[in-house]
Amino acid sequence: MWCIKTSEKEKLLTALKGAYDFRDVSSSDLPPKKLFFPEREITFTHLVKDGSVTTPPPPRKFVLYGLSLRDLEAITCLDEIMSAPEKDYYYFRRRRRALLIGVTGEAFDVPPGGDIIISSIDADTSKLLSVTEKGERAIKKHLPRLKKSKSPQAVPVKNDTMPDLRNLLMDAELLKVAVEWSWHGYKKLWEKLSRECLGCGICTYVCPLCHCFAAEDSVALSGDEAVRCRRWDACTLPVFARLGGGEDMHPGLRERYYNWFYHKFVRGYLEFGRSECVACGRCQRDCPARIDIEAVLLDIVSAYSKSAQRRRRYR
C-alpha cells in the first residue's frame, strides 16, 4: 500500500495509457461486463470452401480505469459465474487481457476485486492499493521509486448506493427464502409488478451480473461463409423461454419478471452461495417503468417475516 500525490497518480495513468488500450469507464451507462461479454460477438466463422473454422483474434491488453467498488465486486462474481460448469472461452480470453483499476472515496476493509484500487484521501493525496500480482507489477514498473507507506491515512466514507439493499445482501439465505416464498405467498405483489413492468429487458442489459445470451447462425448470400454469434438476451422478453413447437415455459410477464428475481436471489444463492446482485443501482435508475427494486425486495422480506411470525404463533 502506498500514499501518492496527484502528480504520481497522473504519472501512473499516463504510463498505462502508453502501454495499454486505456478505457475510462467511470461515466459509462453500461456495466463493464460489456468489455468481456459484448452485447453481440462473433464466436466463429466457417468457410465452406476449405472447411476451416476461425475465431476472432483476442484484444490487445487493456486497462479499465474508474471502476467503482460495486463494479469490482461484480466482475469478481462474474468471473466465478463464467467459470462454471465450464470456463467460458470467449469471456476469459478478454478477461485475462485486462488490468482493472478501481477509484473510490468509500472506505472498505477487504478489496472487492480488481488489480489496483485508488482511494481518495483528500484533493492532493490518494491511497494506492495493489490487489493482485498483476497490479503490483504494473505499479512497480511505472512508479519504480514509489515507497510503501507504513501508516496510510483513513479514507473518507461517502454515502453508498442502495444501502438498505446492501444490508439485505448480507443475508443472502433470507433473500433466497423470501423471494422463493413470495411466488405463492405474496401473489398480489407479482400481479402488481406485472402490470407495471414493460418487459423491455433494460434491467438485464444494465445489470453487471446478468449473463444470459442467445446464439444465432447466419449464412452469406453467396453460401461461402457461415457465422455464429451470440448476443445478450433477457428473461423478461417474450421469446426467452419459448421452446421448439411454440411451448412457452413463462407465457406471461408475471412469470418472466419473477424469473428475473428468482435467478438473482434464489438460483444465484443455490449455485454460488450469494445473490447475483451488488446493489449498483443501475436497474432501478434505468427502469423506464420506475420500479424501485430495492423497495420491492424490502417489501418481500417484510411480508415473509410477518408470515413466518403468524405461522409460529398458530403452531
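Two strands count as paired if DSSP finds at least two bridges between them, and helices (H or I, at least four residues) and strands (E, at least two) are DSSP runs numbered from the N terminus. You are looking at a predicted model, where local features need pLDDT of at least 70, side-chain atom pairs count only at pLDDT 80 or more, and totals for chains, interfaces and linings use all residues. Residues are numbered from 1 along each chain as its sequence is written, and side-chain values use heavy atoms, with hydrogens and water left out.

Let's start with the sheet. Six strands form an open sheet with mixed pairing, in the order β1-β8-β7-β6-β5-β2. At its edges stand β1 (2–5) and β2 (21–24); each has a single partner strand, so one side of each lacks a neighbour in the sheet. Within the sheet, β5 (residues 62–67) runs parallel to β6 (residues 98–104) over five bridges, and Phe62 has Ala98 in β6 as its bridge partner.

Now for the aromatic rings. Rings of Phe, Tyr and Trp (its six-membered ring) pair if their centres lie within 6.5 Å; planes under 30 degrees apart are stacked, over 60 edge-to-face, and the rest tilted. Phe261 and Phe265 have centres 6.2 Å apart and planes at 40 degrees, so this pair is tilted. Four residues apart in helix α9 (residues 253–272), Phe261 and Phe265 are separated by about one helical turn.
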